[in-house]
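I opened the notebook to record what I looked up in this structure. The entries follow the order in which I went through the model.

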Amino acid sequence: QAFVGTEVWGSAYDPVNDRVLFNAGAALYEWPVGGSVNLLGNIVDAAGATQVMVGLAFYNGQLYGTKNITNEAIWEINPTTLVATVFIDYVDADLDCGGFSADPNNGTFYCTNDDSTPHGLGLVIINPDASVTPVAAYPAGQTDIDGLAVSDDGYAYLVIDEPGNIYVYDLVGGAYVTPLTAPWTTSEVFSAGAYIPPAAAGTLTCNG
């Protein structure tokens, strides 16, 4: 309910500041976890032109985004100035990254690829050299998955934009596991996901 009144195209969790960064087109917002949504401004390139992102990821203090119009790439976004520069420039025609996420443990970039050729519809890894490693095909019947979140315990959550399932892929086991039920009651244009790790459990020491 915290996001009512805004569109969410991409989202990512910033663990340093305990906030979810999300965007609607070029507009970037923050949601301090448990707080109220704030507009931070527009994502722009070095020349000041607005840059429309469809997916966001966060790793090691840095925000990243993907576009599905020229220039399709992983862009590095300064979370303070909101200036974006191309970080990994993959072949535009090879990918359509609707969902985008970074493994919080090692920064591996994952995307939900809606382009059937050459890598196939499904979850893929975008490597630092701009090559692509297919991970898993979409579940049967799925051709367009817009949201993605990768957890710190080895799961990828593929978030659809309609009623149905949020698919869960075990990155270690190499298989889909029991899905979650999507909360949506209607079909929408976009969806996004961000994984927020549970708070660390307290430690109790007993002396007797």
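**Entry 1: terms and source**

I count two strands as paired if DSSP finds at least two bridges between them. The strands themselves are DSSP runs (E, at least two residues), numbered from the N terminus. This is a predicted model, in which local features need pLDDT of at least 70 and side-chain atom pairs count only at pLDDT 80 or more, while totals for chains, interfaces and linings use all residues. Residues are numbered from 1 along each chain as its sequence is written, and side-chain values use heavy atoms, with hydrogens and water left out.

**Entry 2**

I started with β9 and β10, which run antiparallel and are joined by five bridges.

Six of the six residues of β9 are buried, and the strand is mostly covered.

I then followed β10 (residues 109-113) to β11 (residues 122-126): five bridges join them, and they run antiparallel. N113 stands opposite G122 in β11. I noted the general rule beside this: strands of a sheet pair through backbone hydrogen bonds, either parallel or antiparallel.

**Entry 2: the disulfide**

I searched the whole structure for disulfides (a pair of cysteine sulfur atoms within 2.5 Å). The search finds one. Which residues does it join? It joins C97 to C111, with S to S at 2.3 Å. The link of C97 and C111 is left-handed, with -70 degrees about the S-S bond. C97 lies in strand β9 and C111 in strand β10, so the pair ties together parts that are 14 residues apart in sequence. C97 is buried, at a relative accessible area of 0%. C111 also counts as buried, at 0% relative accessibility.

**Entry 3: the sheet of β1 to β4**

I found another open sheet of four strands, in the order β1-β2-β3-β4 with antiparallel pairing. Its edge strands are β1 and β4 (38-42), each pairing on one side only. Here β2 (residues 19-24) and β3 pair in the antiparallel sense over six bridges. The bridge partner of A24 in β3 is A27.

**Entry 4: aromatic pairs**

Rings of Phe, Tyr and Trp (its six-membered ring) pair if their centres lie within 6.5 Å; planes under 30 degrees apart count as stacked, over 60 as edge-to-face and the rest as tilted. The structure holds ten such pairs. F3 and W31 form a tilted one, at 5.2 Å centre to centre with 55 degrees between the planes. This pair links distant parts of the chain: F3 is in the segment before β1 (10-14) and W31 in strand β3 (residues 27-32), 28 residues apart. Is F3 buried or partly exposed? F3 counts as partly exposed at 28% relative accessibility, while W31 is buried at 15%.

The rings of F22 and Y29 have their centres 5.0 Å apart and their planes at 10 degrees, so this pair is stacked. F22 is buried at 0%, and Y29 is buried at 17%. Ring pairs link F3, F22, Y29 and W31 into a cluster.

**Entry 5: nonpolar cores**

A nonpolar core is a set of buried Ala, Val, Leu, Ile, Met, Phe, Trp, Tyr and Cys residues joined through side-chain atoms within 4.5 Å. The largest has 19 residues, and those with the most contacts inside it are Y110, L123, L148, A156 and L158. The elements that give two or more residues to this core are β11, β13 (147-150), β14 (155-159) and β15 (165-170). A second, separate core of 14 residues includes Y64, I74, L95 and F100.

Note on methods
Buried means under 20% relative accessible area, exposed over 50%, partly exposed in between (1.4 Å probe, protein chains only).
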